[in-house]
Amino acid sequence: YLVTGGRGTHSALYRIKATDAAAGSPPQRSTASRELRSLRHSMESMHTTPDPGRLDDIRKALGNEDRMVRYAARVALEGLPVDIWQNEAWSEADPQAAIEMLLALARQQNEDSSTSDPIIQRAIQIGSGTTDPELQRQVMRVMALAIARQGPASSPLISEATNWLLEFTEDHDVQTRRLCHELLVSMQARSLPSLLVMRMED
């Protein structure tokens, strides 16, 4: 079905169907898609009934290549007490899983956390250790969320983060550059004014 029109114009509802469809059974879903759907449902089952005993399953799913599986696993992780998985976020070896855990940690309103420093420090370590552009962008998003939720970073860490971010100010990817510049602005990086002037002169 599809609808056309709107905003004062003539509207119409259309139904599209094949007129020469071959008879037979509908296409079968692949084994891989069934397994991913089953894994996602498994993670989603813990959204309403958290299960600390399945922390290892959640950690494994956080590193899955499928974004929807990772999202379901992260929500399941956020439903668990922070104190049982926070240390895992600092030591997780899988970069993708570690990023998801940092994202979950940044989203927690922890009264003991008055600074975003630990999250940003770990995020920089992950970002510096990978050449994957998508992971690097995810690291920047984690840093931005940590600052927004947990408070500004300390001056020494802002300097360290700035040095890493400056690598991406001329990146060919527009989204990467935008994330980089937004972070530099939010951290009030001291090198930002001179960088902007240089860009204007170019």
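This is a predicted model: local features need pLDDT of at least 70, side-chain atom pairs count only at pLDDT 80 or more; totals for chains, interfaces and linings use all residues.
Local features were taken only where pLDDT is at least 70, and side-chain atom pairs only at pLDDT 80 or more, while totals for chains, interfaces and linings use all residues. Residues are numbered from 1 along each chain as its sequence is written, and side-chain values use heavy atoms, with hydrogens and water left out.

The chain contains 10 helices and 2 strands. Both kinds of element are DSSP runs, numbered from the N terminus: helices are H or I runs of at least four residues, and strands are E runs of at least two. Along the sequence the order is β-β-α-α-α-α-α-α-α-α-α-α. The chain has 202 residues, and 37% of them are buried. Buried means under 20% relative accessible area, exposed means over 50%, and partly exposed lies in between, with a 1.4 Å probe and protein chains only. Contacts (heavy atoms within 4.5 Å) were also sorted by sequence separation. Of those with a separation of 6 or more, 62% join residues 24 or more positions apart.

The two strands pair with each other. Strand 1 covers residues 2–6 and strand 2 covers residues 9–14. Their pairing is antiparallel and runs over 4 bridges; two strands count as paired if DSSP finds at least two bridges between them. Gly6 has Thr9, in strand 2, as its bridge partner. The strands form a hairpin with 2 residues between them. In the turn, Arg7 has a positive phi of about 55 degrees.

The helices supply much of the detail that follows. In soluble globular proteins, nonpolar side chains tend to be buried together. Here the largest nonpolar core has 49 residues. Such a core is a set of buried Ala, Val, Leu, Ile, Met, Phe, Trp, Tyr and Cys residues joined through side-chain atoms within 4.5 Å. Ile58, Leu77, Trp85 and Met143 have the most contacts inside this core. At least two core residues come from each of helix 2 (55–62), helix 3 (67–78), helix 5 (95–107), helix 6 (117–128), helix 7 (133–150), helix 8 (155–165) and helix 9 (174–186). Helix 5 gives the largest share, 9 residues.

With neighbours within four places in sequence left aside, Ile58 is in contact with Met43, Met46, Ala73, Ala76, Leu77 and Leu80. Met143 lies in helix 7. Its relative accessibility is 0%, so Met143 counts as buried. Beyond residues up to four places away in sequence, Met143 touches Ile120, Ala123, Ile124, Ala161, Trp164 and Leu183.

Helix 6 and helix 7 were examined as a pair. Their axes come within 9 Å and cross at roughly 175 degrees. The two helices are therefore roughly antiparallel. Axes are lines fitted to C-alpha atoms, for helices over the stretch in contact, and angles run from 0 to 180 degrees between N-to-C directions. Angles under 35 degrees count as roughly parallel, over 145 as roughly antiparallel, 65 to 115 as roughly perpendicular, and the rest as oblique. On the helix 6 side, the contact is made by Ile119, Ile120, Ala123, Ile124, Ile126 and Gly127. On the helix 7 side, it is made by Gln136, Val139, Val142, Met143, Ala146, Ile147 and Gln150. These residues divide into 10 nonpolar, 3 polar and no charged. Ala, Val, Leu, Ile, Met, Phe, Trp, Tyr, Cys and Pro count as nonpolar, Asp, Glu, Lys and Arg as charged, and the others, Gly among them, as polar.

Asp117 is in helix 6 and is buried, at 18% relative accessible area. Apart from neighbours within four places in sequence, Asp117 is in contact with Pro152, Ala153, Ser154 and Leu157. Asp117 and Met143 are 26 residues apart in sequence and 9.4 Å apart in space, C-alpha to C-alpha. Glu100 belongs to helix 5 and is buried at 8%. Leaving out residues up to four places away in sequence, Glu100 touches Leu62, Arg70, Arg74 and Gln138.

Arg137 sits in helix 7 and is buried, with 11% relative accessibility. From Arg137 to Thr176 the C-alpha distance is 6.1 Å, across 39 residues of sequence. Arg178, in helix 9, is partly exposed, at 47% relative accessible area.
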